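Reader: I would like a short walk through this model. Please keep the answers brisk.

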Amino acid sequence: MKLLKGKWASITVPLLSVALGLLVGGIIMLVSGYNPIVAYAALFNGIFSNTYVLGETVRQMTPLILSGLAVAFAFRTGLFNIGVEGQLLVGWLASVYVGLQFEGLSPIVHIPLAIIAAALAGAIWAFVPGFLKAKYQVHEVITTIMMNYVALHVVNAIIRTYLLAPGERTDQINASASLQSPFLESITDFSRLHYGFVVAIIGAIIMWFLLWKTTTGYELRSVGFNKYASEYAGINVQRNIVLSMVISGAFAGIAGAMEGLGTYGYMTVMADFTGVGFDGIAVALLGANGALGVVLASALFGGLKIGALNMQSVAQVPTQLVEIVIAMIIFFVASSYLIHWISNRVSKRGKI
Amino acid sequence: MEYVIEMRNIRKEFPGIVANDNITLQLRKGEIHALLGENGAGKSTLMNVLFGLYQPEKGEIHVRGNKVNITDPNVANELGIGMVHQHFMLVEKFTVTENIILGNEPTAKGQVDVKKAAKDVAAISKQYGLSVDPNAKIEDISVGMQQRVEILKTLYRGADILIFDEPTAVLTPQEIKELITIMKKLISEGKSIILITHKLKEIMEVSDRCTVIRRGVGIGTVNVAETNQDELASMMVGREVNFSIQKTPSEPSNETLEISSLVVEDARKVPVVNGMNLSVRAGEIVGIAGVDGNGQSELIEAITGLRKAKSGSIKLNGKDVTNWKPRRVTESGIGHIPQDRHKHGLVLDFSIGENMVLQTYYKRPFSRNGILNFSTIMDKAKSLIKEYDVRTPSEMTPARALSGGNQQKAIIAREIDRSPNLLIAAQPTRGLDVGAIEFIHSKLVEERDKGKAVLLISFELEEIMNVSDRIAVIYEGKIVAIVKPEETTEQELGLLMAGAKRKKAGETT
Ligand SMILES: Nc1ncnc2c1ncn2[C@@H]1O[C@H](COP(=O)(O)OP(=O)(O)OP(=O)(O)O)[C@@H](O)[C@H]1O
Ligand SMILES: [Mg+2]
């Protein structure tokens, strides 16, 4: 139990949870008549065996990192941004829209412009719940969830009305805005790997720097921990709540740009949510809301999702099983935090 | 001699610090046993070991002669050990009875039998003279009453060994008297008590024996009847403690704080500060004496910008600062040692270093162009920790891990160090040991001598009498009398605080 409490908790808890998650997954496979050893071998082969799957894993990780950063960032200020999904969708659309404009622009200008547009769109989308929370104490969980649905339908309506191309989608963006790279594709056996992972890593560094090295980060963390003491110290609590949501939304918007400028190069009319925004919650949780943790957790989830495809084709185990494993990992992480939280409460009682 | 509790050679370590080193404590049946030690000496830690919240690295615990292994608070409960923590664990929206039975609910036909529980609670309350209303909601009762609910909780669970961790620090003088009566009653009913307090007077008054620890090491146990306050103090601190404050008469100059016709409403829109006039001059300490709840908190909150004033004005050095935002107020030269250190004073999850710059982090040299300069912040923290004797393993330690008194010292260090024109000190020495109190008082006087204005709010008349140059008595949101400490007595202050008019005419300015 000691290891689960001290300063190592943010490392031991996730590792143990992953092990337990895989164990429970194995038991379920056994019960349902699959051979877990064969299945897991296929899974791991499916992540590491060749450059193609590695490339796909990194591609899968890219938006996951950014949406994880979005959730983690808000959480550091004590806010639950469940609206990453919606912010991601508007970001995706904004990046594609800018990508469709400005023919003949240099990529050095066009790509950042499209990414900034995505960040802005996500930020605006997150501003609304942030403002409602700061001004009228409306709980952000409710408003961000509502904003997800608004985003889904608004984005679809805009595509249908203004940007529709054959196949229920937009046109392909101009090459000057694309993150796709024939070079990266060729060294990874023609996976869909694109330059977006560089953006994601820069995003992680920015989050770390902002939170731990700047006065803004100091304020955001302070508000997250104790808003009364922050107010006493002269920190503008309302402003920081809005700011935190806006920055979080910007990360989410950029996650959308990774799909729009990288993986796809267009946007389809969405029948349903992408799920990337919700996975961000799990990634943030497993990554203990830290920048490095989010990157590592994204690698795990991205890897598991890609490896699941191989597991299905080699061991005939349905990909849903990986969803179960992921769910179990989250379950174990969450319950260990719960245990941690309770034991913290109890020892707090002992303090004067 | 049979002891109900015997803790032998207990050792408990935390990262970077040995909180308890070879401590022995023996509790006799039917005694009140005081536990005395400086801030951070390890008293709370030792009691948390006894209550099963911490596991000791070494040592044995015997309860009624049997060696036991107290792995968690449930085991402690079963052994008849109950603990009243200083920070209560009560559900605000629940009634007294519901709080008491929480986790231990009596059932009848599968349903929680609240009626029976309420009867039991009322019976225990009567037996020990607690006069608690079993059906009152926690949010509606006073801090003193809430503490009694905590006592009732332990009794309801059958505790006959009670641990009180600084119970009097949060109480008003009247409530302290009542608590002492309750403790005596408990003893007469066969209970045994371990009492942690920094107030030597209380130890002399109620306890039979006293165990002293210093920096984690047991110094010894004495019979209270055979000792005195001075001896206890020097046992605890390791040197002579000077109880009286060395200060010259004040030389007040121009008015620093000027409050006129101030009206401030509380959360329920009741004007709890109701037409107040008060002035504090540079170079003097004004003490506010009053019974809790007469508008003290709201007055401070209005001055510091944490609460809006309804009408009236607050002037600082002639400038109107009424309803300014907290940051502007701070920057215009007001420092504030808040009453509630956990709510306002500290971000408990920040390191001590980060807490030391809570109001100054955005200024040079602690940051530059929005980038924090951690090495200067930590250097600053180190020097404050040294100067104010804050006992902490390092400046990187989270504030949460410090002992209560040391958290308080950290706040005081931060606020005094900025040397504000007006320092508002609300219960600054709450939970501090006598040595630290002596030091803080001398610091307040030092600020005064530098020509700063100090506004002191305290429920302890002794502190008000000793430190202030002028005493303003607050009653129902107004200053009803201004007196000089050398021209009044605690008795007279007590009467004024209760709303009596002053006898000597013409003295109420
Ligand atoms: N949970 C913890 N983690 C790390 N260090 C701790 C923890 N609890 C206490 N300490 C350290 O142990 C020492 C003893 O603390 P303790 O709370 O027992 O002091 P205390 O005698 O109760 O002081 P006070 O009179 O100020 O309440 C202190 O130096 C404190 O910093
Ligand atoms: Mg203590």
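This is a predicted model: local features need pLDDT of at least 70, side-chain atom pairs count only at pLDDT 80 or more; totals for chains, interfaces and linings use all residues.

Reader: Which elements of chain B each supply at least two residues of the shell around ligand 1?

Author: The shell has seven nonpolar, ten polar and four charged residues. Three elements of chain B each give at least two residues to this shell: strand S2 (17-28), helix H1 (43-50) and H14.

Reader: How far is an oxygen atom of ligand 1 from an N or O atom in the side chain of B:Thr45?

Author: Start with the backbone. A backbone N or O atom of B:Ala41 lies 3.3 Å from a ligand oxygen. For a polar backbone atom of B:Ala401, the distance to an oxygen of ligand 1 is 3.0 Å. With the side chain of B:Thr45, the distance is 2.5 Å.

Reader: What percentage of the area that ligand 1 exposes when taken alone does the protein bury?

Author: There are 21 residues around ligand 1. Taken alone, the ligand exposes 630 Å². The part buried by the protein is 91%.

Reader: How are H14(B) and H15(B) oriented to each other?

Author: Helix H14 (residues 404-417) and helix H15 (residues 434-449) of chain B have axes 12 Å apart. Their packing angle is about 10°. Angles under 35 degrees count as roughly parallel. The two helices, H14(B) and H15(B), are therefore roughly parallel.

Reader: Which residues of H14(B) make the contact with H15(B)?

Author: By class, this contact has five nonpolar, no polar and three charged residues. H15(B) brings B:Ala436, B:Ile440, B:Lys443, B:Leu444 and B:Glu447. H14(B) brings B:Lys409, B:Ile412 and B:Ile416.

Reader: Is the peptide bond from B:Arg364 to B:Pro365 cis or trans?

Author: B:Pro365 sits in the loop between helix H12 (352-355) and strand S19 (367-368) of chain B. Omega for the bond from B:Arg364 is near 0°. The bond is cis.

Reader: What is the phi of A:Asp189?

Author: A:Asp189 is in the loop between helix H8 (182-187) and helix H9 (196-213) of chain A. It is not a glycine, yet its phi is positive, at about 60°.

Technical notes:
Residues are numbered from 1 along each chain as its sequence is written. Chains are lettered from A and ligands numbered from 1 in the order in which they are written. Side-chain values use heavy atoms; hydrogens and water are left out. Axes are lines fitted to C-alpha atoms, for helices over the stretch in contact, and angles run from 0 to 180 degrees between N-to-C directions. Helices (H or I, at least four residues) and strands (E, at least two) are DSSP runs, numbered from the N terminus. Angles under 35 degrees count as roughly parallel, over 145 as roughly antiparallel, 65 to 115 as roughly perpendicular and the rest as oblique. Contact means heavy atoms within 4.5 Å. Ala, Val, Leu, Ile, Met, Phe, Trp, Tyr, Cys and Pro count as nonpolar, Asp, Glu, Lys and Arg as charged, and the others, Gly among them, as polar. A residue is near a molecule or strand if one of its heavy atoms lies within 4 Å of it. A polar contact is a pair of N or O atoms within 3.5 Å; within protein, one must be able to donate a hydrogen and the other to accept it, and residues adjacent in sequence count only if both atoms are side-chain atoms. Accessible areas come from the Shrake-Rupley method with a 1.4 Å probe; for residues, only the protein chains shown count as cover.
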